[in-house]
Amino acid sequence: MKRALAAVVLLFAGCREPEARTYAPRERAEIMTPESLARSPVSGHLGGTPFTLRSAWYRVVRRPGHARLDLVVSEGSPSRLCARPTPADARQVLVRYDGTTTLTPGPLRADPSPTAPFRVFYERPAEHGFEGVGGASALVVIDAIEANVIVGRLRACFPDATGSCVGGAFRAEECRDELD
């Protein structure tokens, strides 16, 4: 009887979920400088594989209580609703400015914090849709804002197991979905 009880205890003890590991971004925003940002198109590695910018866009959400500006650099192109890239397996980096619908030229830094001026995360295809990796440290420099275009540079490093970082220049055109 004692052996059977011991076997059951060992069986259940071995069925625990593995503990989640936490990682820190490879670089923090405070050491990133505008002068060090590449002037070539955004590139780097996400989740251990190369990332190269294909297109960039931004979307302004003006609905009360949901106001924000999303800046997207992607391996794909914007979809009809500006949220997901096409093709469906394209990864994208999102810079989300909650509570604002306009940007001004200049640099902004953010490390993971509830008081950061923006949040940065990347999305990659997963078994049932997309999964996101957030909590990035980033420097975003808005160089110019023209008619429906934001020109800038960024460097973002993510807290994942592979030390993902991307950086470079972008030219983001406004994307308006059918709901705006």
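Author: D98 has a relative accessible area of 44%, so it counts as partly exposed in this predicted model. Its side chain meets that of R119 in a salt bridge, at 2.9 Å from N to O. R119 sits in strand β9 (residues 119-126) and D98 in strand β7, so the pair ties together parts of the chain that are 21 residues apart in sequence. R119 is also partly exposed, because its relative accessibility is 40%. In general, side chains of opposite charge can pair when their charged atoms come close.

Two aromatic pairs turn up in a search of the whole structure. One of them joins Y97 and F118, with 5.3 Å from centre to centre and 50° between the planes, which makes the pair tilted. Y97 belongs to strand β7, while F118 lies in the loop between β8 (106-110) and β9, and these two residues are 21 residues apart. Y97 and F118 are both buried.

The other pair consists of Y122 and F158, an edge-to-face arrangement with 4.9 Å between the centres and 85° between the planes. Y122 lies in strand β9 and F158 in the loop between β12 (149-157) and β13 (165-174), so this pair ties together parts that are 36 residues apart in sequence. Both residues, Y122 and F158, are buried.

V166 gives a picture of the packing: leaving aside neighbours within four places in sequence, V166 is in contact with V42, S43, G44, H45, L46, F51, V93, L154, R155, A156 and F158.

Seven of the seven residues of β3 are buried, so the strand is largely enclosed by the rest of the structure. S55, W57, R59 and V61 point one way from β3, whereas A56, Y58 and V60 point the other way, and all of them are buried. β3 pairs with β4 in the antiparallel sense over seven bridges, and V60 has L69 in β4 as its bridge partner. The two strands form a hairpin with six residues between them, and G65 in the turn has a positive phi of about 85°. β3 also pairs with β13, here in the parallel sense and over two bridges. In that pairing Y58 has E174 in β13 as its bridge partner.

E174 brings the account back to charged side chains. Its side chain meets that of R176 in a salt bridge, at 3.3 Å from N to O. R176 counts as exposed because its relative accessibility is 59%. The search of the whole structure finds ten salt bridges. One of them joins E75 and R91, at 2.5 Å from N to O. E75 is in the loop between β4 (68-74) and β5 (77-78), and R91 is in the loop between β6 (85-86) and β7 (92-98), so that the pair links distant parts of the chain, 16 residues apart. E75 counts as partly exposed because its relative accessibility is 22%, while R91, at 9%, counts as buried. R68, D70 and R96 are linked in a network of salt bridges.

Buried residues make up 40% of its 180 residues. Of the contacts with a separation of 6 or more, 59% are between residues 24 or more positions apart. The accessible surface comes to about 10400 Å², and 55% of it belongs to carbon and sulfur atoms.

Definitions and conventions:
Residues numbered from 1 in each chain as written. Predicted model: local features only at pLDDT ≥ 70, side-chain atom pairs only at ≥ 80, totals over all residues. Heavy atoms only, no water. Salt bridge = Lys/Arg side-chain N within 4 Å of Asp/Glu carboxyl O. Helix = DSSP H or I, 4+ residues; strand = E, 2+ residues; numbered from the N terminus. Buried < 20%, exposed > 50% of the residue type's maximum accessible area, 1.4 Å probe, protein only. Phe/Tyr/Trp six-rings, centres within 6.5 Å; stacked < 30°, edge-to-face > 60°. Contact = heavy atoms within 4.5 Å. Pairing = 2+ DSSP bridges. Areas by Shrake-Rupley, 256 points an atom, 1.4 Å probe, with all protein chains shown as cover.
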